Amino acid sequence: SRGLGYVYKRQGERSRIIAPALSQAIDSTAATIEDAIFGRDQWFDAVDDRQDQQTGDIEQARLSLEQDFDVAGVPEQMAQVILNGCLYGTGIGKINITRREVKTVAPGPQGPTVKTEVRPVATLDAIPPWEFVIDTQARDLQSALFCAHETNVPRNVVWTKQKQGIYRHVMVSGNNTSKQPFPAGIASTEQTRAHGEFDGSVWVTEYYGLVPQNLLKGKVDFKPEDVQGNGMVECIVTIGNESEVLRAQVNPFLMKDRPIIAYQHDVVPGKFWGRGVAEKGWNAQRALDAELRARMDALGLLTSPMMGADITRLPRNPDMRVRPGKVWLTRGRPSEVLEPIILGNIDPQTFNQSSELSLIHISEP
């Protein structure tokens, strides 16, 4: 089933079928949420200050932001965040502000011309839960001591940012040595290296959280108003291979917000991590699979029944396989020597039970 990561099998089961009910429930739930968000032309709104009597400026800003979102592919990334929330219970995204070349068509004296403009654009990256780290006691992003995004980045990306002056010019030595909690079915870095494959990536940790000010003196420029009452400063720190600091700076955002967004598909009180469709439907999925596997195993016994035979009245080394057109050689009447063993018929009630178990998934809100 989608999101479960492995095929489970009980002892005594011959069939390995997995019903697609849980996968359909996940896809249906994600599609319902996406339709509720993007089903309208204006899929987000911006509320102006009540003291501002001019409402046209905020509407123009919203239209410009919506155009930038389309250029940066934000709706597609939001769809991935929603799918992660349905699968794992928590959808997480990272907001980036990057400078991009935005091309637009402008009228000219000799016809339309392409105008290229380099300007900041807001983008969104969906973060899988296994690449996200947060304070274990945190209940939300802003009250946590820290949160971090840990992922593998190609070395050429790090080199490019070093040449652009974004990262410090330091040598990121060694290969990726992190023990990333990969989900089932995805080979970890240790497994990849064990097979002799070259690991040309850098384990990048982007830390968003509080840092003691004594660790920043002489290294990061910060103002007295940036220091909180506990002597901590809200910073963004990027670390390569858990050994070299690639970049460290005070949070540059106006409100000092952390550029991470997250939502819980099903809220768990007092916890940051939520509960997804896969977790809620796990027991029903196993019950449905057990029902279908038992039916298929029973069909196998009915279509190819077992045979009881008098071994003293059969030829030596008889072939007991059942197939159409086979000739049975017996010493005496075949009805007295051979007898099929029927274990019973399939209960028609199992079809109704399977339908009810499937409806448990499909009706997932």
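Throughout these legends, helices (H or I, at least four residues) and strands (E, at least two) are DSSP runs, numbered from the N terminus. The structure is a predicted model, in which local features need pLDDT of at least 70 and side-chain atom pairs count only at pLDDT 80 or more, whereas totals for chains, interfaces and linings use all residues. Residues are numbered from 1 along each chain as its sequence is written, and side-chain values use heavy atoms, with hydrogens and water left out.

View 1. Thr-151 belongs to strand 4, which spans residues 146–154. With a relative accessible area of 15%, Thr-151 counts as buried, a term that means under 20% relative accessible area, as against over 50% for exposed and partly exposed in between (1.4 Å probe, protein chains only). Once neighbours within four places in sequence are set aside, Thr-151 is in contact with Glu-131, Val-202, Trp-203 and Val-204, where contact means heavy atoms within 4.5 Å. The side chains of Thr-151 and Glu-131 are joined by a polar contact of 3.3 Å; such a contact is a pair of N or O atoms within 3.5 Å, of which, within protein, one must be able to donate a hydrogen and the other to accept it, and residues adjacent in sequence count only if both atoms are side-chain atoms. Val-202 lies 51 residues from Thr-151 along the chain, and their C-alpha atoms are separated by 8.3 Å.

**View 2. The strands that pair with strand 4.** Two strands pair if DSSP finds at least two bridges between them. Strand 3 (residues 132–134) runs antiparallel to strand 4 and is joined to it by 3 bridges, and here Val-133 stands opposite Ala-148. Strand 5 (residues 201–212) also pairs with strand 4 in the antiparallel sense, over 9 bridges, with Tyr-207 as the bridge partner of Ala-148.

**View 3. Gln-264 and its side-chain polar contacts.** Gln-264 lies in strand 8, which covers residues 260–264, and is buried, with a relative accessible area of 19%. A polar atom of the Gln-264 side chain lies 3.2 Å from the backbone nitrogen of Val-268, and the side chain of Gln-264 also reaches the backbone oxygen of Phe-272 at 2.5 Å. Not counting residues up to four places away in sequence, Gln-264 touches Gly-89, Lys-271, Phe-272, Trp-273 and Gly-274.

**View 4. The largest pocket and its lining.** On a 1 Å grid over the protein atoms alone, a pocket is an open set of points with protein on both sides within 12 Å along at least five of seven lines, and lining residues have an atom within 4 Å of a point. The largest pocket has a volume of about 1000 Å³. Of the 35 residues that line the largest pocket, Asn-96, Thr-98, Lys-161, Glu-206 and Arg-247 are the closest to its centre. Strand 1 gives the most to this lining, with 7 residues, and the residues of the lining divide into 16 nonpolar, 11 polar and 8 charged. In this division Ala, Val, Leu, Ile, Met, Phe, Trp, Tyr, Cys and Pro count as nonpolar, Asp, Glu, Lys and Arg as charged, and the others, Gly among them, as polar.

**View 5. The second largest pocket.** The volume of the second largest pocket is about 330 Å³, a volume being the space filled by probe spheres set on the grid points, which are joined across faces, edges and corners. Its lining includes Arg-168, Val-211, Leu-215 and Arg-247. Strand 7 gives the most to the lining of the second largest pocket, with 3 residues.

Technical notes
1 Å grid on protein atoms, 1.4 Å probe; cavity = no way out; pocket = protein on both sides within 12 Å on 5 of 7 lines; lining within 4 Å.
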